[in-house]
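Hi there,

Here is the structure I promised to pass on to you. Have a look at it first, and then read on for what turned up when I went through it.

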Amino acid sequence: MDQGIPTVVWKVIVTSFVGALAYFITNITNQPEIWRLTVSVFIGGATLIVQYLTDFERRLETVENAFTQHATAMREVVENGFEQVNEATRFFGQVERSPVPTRAVTALVHHVTQLEASNQDIIHSFAEAEITKLAVLLKDLKADQVEYEGEDHDWIVTLTHCCTSSIDATSTSVDTGLWSSELGRRYLAAQRAAIDRGVHVRRLFIVDHPEQIDDDIKELRRSHEALGVEARVVAISAVPPPVRLDPTNDFIVYDHAVSYEVSPDVVSADHQLIASTRLVLRGERVARRTRRFNDLWAVGS
């Protein structure tokens with residue numbers, strides 16, 4: 001059918017043609033004029049009605065197909081919506097049951113959603129990298145041990161801010177230069193704040209031999225005591241053999257629950273570098289660190 005001709009015109013043409021054909025057939029059969037006109041009009045009208053009925057059926061079928069597709073799409077949207085609602089409900093249910101305060105998690109989600117889409121890609125990538133690091137940290141905390149390559153500049157201060165009862169810390173040659181650094185100043189400020197809220201802080205300065213307990217070590221001990229830290233100095237070579245055999249000296253025990261440990265790397269004439277930092281939550285290992293600290297503390301001066 002020519003798309004340039006309206007549908008109604010085609011219906012009129014077909015109706016007229018069928019009516020004329022009916023008139024021609026009744027005319028050659030010598031029917032009365034009234035019958036020729038009646039039959040022609042009837043057949044032409046029937047043809048017109050059939051065309052409209054056919055067109056109506058086709059349109060009705062199109063509407064039914066469209067309605068079916070729409071209903072299917074709506075059902076999928078509703079089902080997906082309910083799945084997302086259920087997933088969100090399960091997620092927030094887990095957040096509510098978490099020992100971590102809910103406000104911290106919801107604040108993280110809220111601030112993530114507030115990032116502007118117009119920000120530079122580097123901002124989005126940086127945010128994703130930090131969130132990924134946080135997710136890995138939480139996963140490792142569940143496994144009772146977290147390890148960080150190199151020297152940590154955040155955990156030590158954050159744990160000091162979070163502790164509520166005690167800090168038992170050792171200080172060895174690996175800490176050379178720490179107390180005059182920016183990290184050392186922040187760490188000491190956090191410890192002073194912890195002492196002000198009632199946290200008992202002990203620090204044990206460890207050297208290899210008694211002759212290394214010089215005026216610098218004594219002055220360092222006094223400066224820490226001035227902040228409210230209970231401090232002692234111990235020479236490993238002078239302690240009893242059972243205590244001396246344990247090589248573990250670089251650690252901090254927070255609230256008798258978390259052991260913050262560092263692994264030395266390269267030794268130079270000036271200082272000792274840190275290869276890695278660990279947070280250990282396993283109870284038996286934290287208990288060993290506590291016993292180790294108490295043994296050294298008992299023989300310290």
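Predicted model: local features only at pLDDT ≥ 70, side-chain atom pairs only at ≥ 80, totals over all residues.

Which of them gives the most to the lining? Helix 4 does, with 7 residues. By class, the lining of the largest pocket divides into 18 nonpolar, 2 polar and 3 charged residues.

The second largest pocket comes in at about 540 Å³. It too has a count of 23 lining residues, with Thr-172, Ser-173, Thr-176, Ile-206 and Val-207 nearest its centre. Strand 3 (200–207) and helix 7 (215–226) are the elements that give two or more residues to this lining. The class counts for the second largest pocket are 9 nonpolar, 9 polar and 5 charged.

**A buried aspartate**

Asp-152 may be one to look at on your screen. You will find Asp-152 in the loop between strand 1 (145–149) and helix 5. Asp-152 is buried but takes part in no salt bridge. How far away is the nearest side chain of opposite charge? That side chain belongs to Arg-186, and it is 7.8 Å away, whereas a salt bridge needs the nitrogen and the carboxyl oxygen within 4 Å. The side chain of Asp-152 does have a polar atom 3.0 Å from the backbone nitrogen of Ile-156.

**Salt bridges**

In general, side chains of opposite charge can pair when their charged atoms come close. Across the whole structure, the search finds 12 salt bridges. Three of them are described here.

- Glu-130 and Lys-133 are joined by a salt bridge of 3.5 Å, N to O. These two are 3 residues apart in helix 4, so about one helical turn separates them. Glu-130 is partly exposed, with a relative accessible area of 35%, while Lys-133 counts as exposed at 51%.
- Glu-261 and Arg-278 meet in a salt bridge of 3.1 Å, N to O. This pair links distant parts of the chain, with Glu-261 in strand 6 (residues 258–267) and Arg-278 in strand 7 (residues 272–280), 17 residues apart. Are these two buried or exposed? Both Glu-261 and Arg-278 are buried. They also belong to a network of salt bridges that takes in Arg-285 and Arg-289.

**Backbone angles**

Most residues other than glycine have a negative phi. For Asp-144, phi is near 75 degrees; Asp-144 sits in the loop between helix 4 and strand 1. Asp-144 is partly exposed, with a relative accessible area of 31%. For Asp-255, phi is near 55 degrees, again a positive value in a residue other than glycine. Asp-255 belongs to the loop between strand 5 (251–254) and strand 6, and at 22% relative accessibility Asp-255 counts as partly exposed.

**One more arginine**

Lastly, take a look at Arg-292, which lies in helix 9 (residues 283–299). Arg-292 is buried, because its relative accessible area is 3% and the cut-off for buried is under 20%. Its C-alpha atom is separated by 10.0 Å from that of Phe-251, a residue 41 positions away along the chain.

Enjoy exploring it, and write back whenever you like.

Best wishes

How values were computed: Residues numbered from 1 in each chain as written. Heavy atoms only, no water. Helix = DSSP H or I, 4+ residues; strand = E, 2+ residues; numbered from the N terminus. Nonpolar A, V, L, I, M, F, W, Y, C, P; charged D, E, K, R; others polar. 1 Å grid on protein atoms, 1.4 Å probe; cavity = no way out; pocket = protein on both sides within 12 Å on 5 of 7 lines; lining within 4 Å. Points joined across faces, edges and corners; volume = space filled by probe spheres on them. Buried < 20%, exposed > 50% of the residue type's maximum accessible area, 1.4 Å probe, protein only. Lys, Arg positive; Asp, Glu negative; His and termini not counted. Polar contact = N/O pair within 3.5 Å; in protein donor to acceptor, adjacent residues only side chain to side chain.
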